[in-house]
Amino acid sequence: MTRLAFIRHGPTDWNGEGRMQGHSDTPLSVAGHAEIAARGALGLNPVLAGFSWQSSPLRRARLTATLLCGFAPPLEPRLIEMDWADWEGRTLDDVRREIGQALQDNEDRGLDFRPPGGESPRDIQNRLKPWLVEIAARRPAVVAVSHKGVIRALMAQAYQWDMMGKPPVNLDWTCAHIFHVAPDGSPSPEQMNVSVSDPMKTAP
């Protein structure tokens with residue numbers, strides 16, 4: 001089986017404001033850049049040694065990957081964030097005030113939750129499937145720098161979670177989350193919440 005480690009990009013200003021980013025090409029915030037640079041300066045966790053790297057094409061992910069691994073990795077369009085379409089740039093609280101119960105009804109669809117004109121988590125799973133088959137066939141270990149929506153969709157598939165109720169595991173978004181990928185592209189969990197930086201080193 002191929003080992004796949006997912007890492008979320010560093011913080012952006014929109015993350016701090018609770019805004020849905022989706023395909024919007026927002027950069028790392030000043031604080032986010034400093035945070036990722038500090039983690040990269042510590043060196044990578046030896047658990048990730050020998051992994052090849054790929055990144056979402058959005059610049060918040062590209063820069064995160066470069067700061068962590070020390071080079072600009074190949075870009076993979078299928079790692080792009082969930083498309084929030086009409087809701088991009090807005091907060092869920094703002095949408096909830098506007099449409100009320102309709103938002104809750106949409107959220108209660110779990111894997112099939114979909115913003116108007118956008119993608120659902122199930123769509124992301126379907127988008128990732130051919131890529132997962134490809135890496136399972138070609139590479140023994142891959143780090144993918146991506147986005148919260150993408151990682152949650154893969155985690156849901158790995159744990160067979162329908163995205164209703166509490167998640168099977170609480171993910172630390174500063175960490176790597178490692179999965180096994182079978183030849184048919186099916187993911188299964190190996191270890192969540194693994195330090196990206198070398199745990200034997202500490203920030204100055």
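**Group meeting: a walk through the predicted model**

Let's start in a loop: glycine 185 sits between β4, residues 176-181, and β5, residues 187-194. Before I go on, please keep in mind that this is a predicted model.

So, is glycine 185 buried or exposed? It's buried, and its relative accessible area is 0%. What is it in contact with, once we set aside the neighbours within four places in sequence? Three residues: Lys129, Leu132 and Val133. If you look back at the helix boundaries, α6 runs over 121-138, and that's the stretch to have on screen here. Glycine 185 and methionine 1 are 184 residues apart in sequence, yet their C-alphas are 9.7 Å apart in space.

Now step back one residue. Aspartate 184 is in the loop between β4 and β5 too. With a relative accessible area of 44%, aspartate 184 comes out as partly exposed. Leaving out neighbours within four places, aspartate 184 is in contact with Lys129 and Val133.

Let me zoom out for a minute. The protein chain has seven helices and five strands. From the N terminus the order goes β-α-α-β-α-α-α-α-β-α-β-β. The radius of gyration is 17 Å, close to the 17 Å the globule rule gives for 204 residues, so the chain is as compact as a globular protein of that length. For the overall dimensions, the C-alpha trace spans about 50 × 40 × 30 Å along its principal axes.

How many of the residues count as buried? Of the 204, it's 49%. Then there's the contact pattern. Take the contacts between residues at least 6 apart in sequence: 67% of them join residues at least 24 apart. The accessible surface comes to about 9,500 Å², and carbon and sulfur atoms hold 52% of that. On charges, I get 22 positive and 24 negative side chains, with the centres of the two sets 4 Å apart.

Okay, back to single residues. Next stop is glutamate 119, in the loop between α5, residues 101-107, and α6. Why does glutamate 119 count as buried? Because its relative accessible area is 15%, and the cut-off for buried is under 20%. What does the glutamate 119 side chain make a polar contact with? The side chain of arginine 127, at 2.7 Å. Glutamate 119 has a list of other neighbours as well. Not counting residues up to four places away, it touches His23, Glu81, Met82, Asp83, Phe113, Arg114, Ile124 and Arg127.

You'll find threonine 12 in the loop between β1, residues 2-8, and α1, residues 13-17. Threonine 12 is buried, at a relative accessible area of 2%. Which backbone nitrogens does the threonine 12 side chain reach? One is that of tryptophan 14, at 3.3 Å, and another is that of asparagine 15, at 3.0 Å. Beyond its neighbours within four places, threonine 12 is in contact with Gln21, Thr26, Pro27, Leu28, Ser29 and Arg60.

Alanine 85 has a phi near 50 degrees, which is a positive value in a residue other than glycine. Where is alanine 85? In the loop between α3, residues 59-69, and α4, residues 92-99. Alanine 85 counts as partly exposed, at 24% relative accessibility.

The second one is methionine 163, with a positive phi of about 65 degrees although it isn't a glycine. Methionine 163 is in a loop as well, between α7, residues 148-158, and β4. Buried or exposed, then? Methionine 163 counts as buried, at 13% relative accessibility.

To wrap up, let me go back to where we came in. In the loop between β4 and β5, glycine 185 is buried at 0%, whereas aspartate 184 is partly exposed at 44%.

Terms used. Residues numbered from 1 in each chain as written. Predicted model: local features only at pLDDT ≥ 70, side-chain atom pairs only at ≥ 80, totals over all residues. Heavy atoms only, no water. Helix = DSSP H or I, 4+ residues; strand = E, 2+ residues; numbered from the N terminus. Rg over C-alpha atoms; globule rule 2.2 N^0.38 Å. Buried < 20%, exposed > 50% of the residue type's maximum accessible area, 1.4 Å probe, protein only. Contact = heavy atoms within 4.5 Å. Areas by Shrake-Rupley, 256 points an atom, 1.4 Å probe, with all protein chains shown as cover. Lys, Arg positive; Asp, Glu negative; His and termini not counted. Charge placed at Lys NZ, Arg CZ, Asp CG, Glu CD. Polar contact = N/O pair within 3.5 Å; in protein donor to acceptor, adjacent residues only side chain to side chain.
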